[in-house]
Amino acid sequence: MNTRTIKENLRKRLAITATGLALAAASTFAHAHGDVTPQAVDTSSLKQLGETWVTANPYRGNKDAIRIGDSAFNQNCARCHGLGAVSGGIAPDLRLLDINDDDTDEFFIGKVRNGVTRNGAVYMPPFEGMLTQEAMWAIRAWLETVHEN
Ligand code: HEC
């Protein structure tokens, strides 16, 4: 191998390394912003609710649902509604939602399914098709545990 070939090989190797670094950086970036994609929530341990949407929380006070909802909230909602539902002011403070109340359950599930779009601007994305109703109700069950007046 003459000097020229060695240099050529070295340059190629460096180029490959640079590409590798760029890819690594890109995937780190994607990862850092991974919470933009709603995260799958494992609700298999909960009573399954079927196809029909229910309007009152079937998991109110259910410990397992509360645990699942805590993590589901932090993965899907916290970026706007705040970690632990402590709002930073971007979106409503969900600790203020009434608890033990079927009407508020219905209001909640409507907002989460449909999101909020006003004058063409998406304030909150719809979660129907992203989260199951089991996951949504688990979040509601958890929210009731952090309720504040
Ligand atoms: C991209 C930011 C964003 C994400 C993510 C988001 N929300 Fe929202 N949400 C908002 C905003 C902004 C509003 C207020 C919309 C309006 O102006 O009416 C809102 C409103 C709501 C309301 C109505 C509250 C009220 O008092 O009017 C509920 C309930 C709610 N969100 C639940 C959730 C849940 C549960 C999740 C996660 C599954 C979630 N949101 C994810 C931004 C978001």
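Student: Which residues is Ala65 in contact with, leaving aside its neighbours within four places in sequence?

Tutor: Two residues are in contact if their C-beta atoms, placed from the backbone, lie within 7 Å. By that rule Ala65 touches Leu46, Tyr59, Trp137, Ala138 and Ala141. This is a predicted model, where local features need pLDDT of at least 70, side-chain atom pairs count only at pLDDT 80 or more, and totals for chains, interfaces and linings use all residues. Residues are numbered from 1 along each chain as its sequence is written.

Student: Which residues have the most contacts inside the largest nonpolar core?

Tutor: A nonpolar core is a set of buried Ala, Val, Leu, Ile, Met, Phe, Trp, Tyr and Cys residues joined through C-beta atoms within 7 Å. Here the largest such core has 24 residues, and Ala65, Met136, Ala138 and Ile139 have the most contacts inside it. The largest share of this core, 8 residues, comes from α5. Helices are DSSP runs of H or I with at least four residues, strands are runs of E with at least two, and both are numbered from the N terminus.

Student: Is Trp142 buried or exposed?

Tutor: A residue is buried if 20 or more other C-beta atoms lie within 10 Å of its own, exposed if 12 or fewer, and partly exposed in between, with C-beta atoms placed from the backbone. Trp142 counts as buried because it has 23 C-beta neighbours inside 10 Å. Trp142 belongs to helix α5 (residues 133–145). Leaving aside neighbours within four places in sequence, its contacts are Ile66, Gly69, Asp70 and Phe73. The C-alpha atoms of Trp142 and Ala72 are 9.4 Å apart, with the two residues 70 residues apart along the chain.
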